[in-house]
Amino acid sequence: MKVLVTGVAGQLGYDVMGELQRRGHNGIGTDIAEVSGMMFIRLDITDSEAVERVISETKPDAVVHCAAWTAVDAAEDEENQAKVYSINVTGTENISKSCKKHGCKMIYISTDYVFNGQGTEPWQPDCKDYAPLNVYGQSKLDGEKAVIENLDKYFIIRIAWVFGKNGSNFIKTMLNVGKKYDTVRVVNDQIGTPTYTYDLARLLVDVIETEKYGYYHATNEGGYISWYDFTCEIFRQAGYTTNIIPVTTEEYGLSKAARPFNSRLDKNKLKETGFEPLPAWQDALKRYLKEIEY
């Protein structure tokens, strides 16, 4: 299978390319930034003509769309908002229209931020009770809409709390902070589950090999936790003795973008549809710490 992957300079796109190679598929990477150690096509997804040219020339069977603006707080800045929507909405629309024209399947990577982040019940994949809390969430929801308006052969996969080797993330931040300070304060009232891009990449290739189209939620297994719980396990596995103080979101201080308290994603649809769930996040963390050689 020939698969075009956008955003291969990022955490997920990079790992998807690796998984495609391991399985013998022909992965074609694109990005607007430099990608170390990988052949790729430079592509600005906000340029509709460029998108059409690349897809028409490469003729992929499927597109895994990982490219996105993901700087949640920076998205709130007025000077950035046009760019956020250009990348997350217009870029996604360009890709979905070209996929339709050329008969390609498409995976769109979305987020729990499309919901309102309230309550304690896990969000269902087919729930349409959308109410994004911030600019980033709204842009990803509008990207979802662009996909379903233009395509029939699509997979929309929502993820949360992402970490991978090729980029910055919460684990790397906490390892650096824990090494520098004796005590750290971490929020304990935002609940979700981490997602290791190496594991997620395996699932995405599983998915793209099928025609089981629709909405899915995908994070690692292992239960729902807070950022405080996650930090405790990070430091335990890393052998850090840093003191960790749990605080509420209010006590921690407001960020520019409102954050969801409830990032629980129900993943049962994956099993029901025949896909193998991701391993437990505790195991994923163990493998990740070995991978990054912190």
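Predicted model: local features only at pLDDT ≥ 70, side-chain atom pairs only at ≥ 80, totals over all residues.
Over the face of which residue does K212 lie, and at what distance from the ring centre? K212 sits over the face of F275, at 5.2 Å from the ring centre.

The structure contains 15 salt bridges. One of them joins R23 to D206, with 2.7 Å between the closest N and O atoms. R23 belongs to the loop between α1 (11–22) and β2 (26–31), while D206 is in helix α6 (residues 197–208), so this pair ties together parts that are 183 residues apart in sequence. R23 counts as partly exposed, at 28% relative accessibility, whereas D206 counts as buried, at 17%.

A salt bridge also connects the side chains of D77 and K256, at 2.8 Å from N to O. Distant parts of the chain are linked here: D77 is in the loop between β4 (62–65) and α3 (78–102), and K256 is in the loop between α8 (249–252) and α9 (268–272), 179 residues apart. D77 counts as buried because its relative accessibility, 18%, falls under the 20% cut-off. K256 is exposed, with a relative accessible area of 57%.

## A buried pair and a charged network

E144 and R158 meet through their side chains in a salt bridge of 2.8 Å, N to O. E144 is in helix α4 (residues 135–150) and R158 in strand β6 (residues 154–159), 14 residues apart. E144 counts as buried, at 1% relative accessibility. R158 also counts as buried, at 0%.

## Aromatic pairs

Across the whole structure, 17 aromatic pairs are found. Among them is the tilted pair of F155 and Y213, at 4.9 Å centre to centre and with 45° between the planes. F155 lies in strand β6 and Y213 in the loop between α6 and β11 (214–217), so the pair ties together parts that are 58 residues apart in sequence. F155 is buried, with a relative accessible area of 0%, while Y213 counts as partly exposed, at 25% relative accessibility.

The pair of Y216 and F275 is edge-to-face because the ring planes stand at 80°, with the centres 5.7 Å apart. Y216 is in strand β11 and F275 in the loop between α9 and β15 (278–280), so parts that are 59 residues apart in sequence are tied together. Y216 counts as buried at 2% relative accessibility, and F275 counts as buried at 6%.

Elsewhere, ring pairs join W161, F163, F170, Y196, Y198, W227, F230, W281 and Y288 into a cluster.

## Charges over rings

Which residue lies over the face of Y216? K269 does, at 5.0 Å from the ring centre. F275, the edge-to-face partner of Y216, has K212 over its face at 5.2 Å from the ring centre.

How values were computed. Residues numbered from 1 in each chain as written. Heavy atoms only, no water. Salt bridge = Lys/Arg side-chain N within 4 Å of Asp/Glu carboxyl O. Helix = DSSP H or I, 4+ residues; strand = E, 2+ residues; numbered from the N terminus. Buried < 20%, exposed > 50% of the residue type's maximum accessible area, 1.4 Å probe, protein only. Phe/Tyr/Trp six-rings, centres within 6.5 Å; stacked < 30°, edge-to-face > 60°. Lys NZ or Arg CZ within 6 Å of the ring centre and 35° of its normal.
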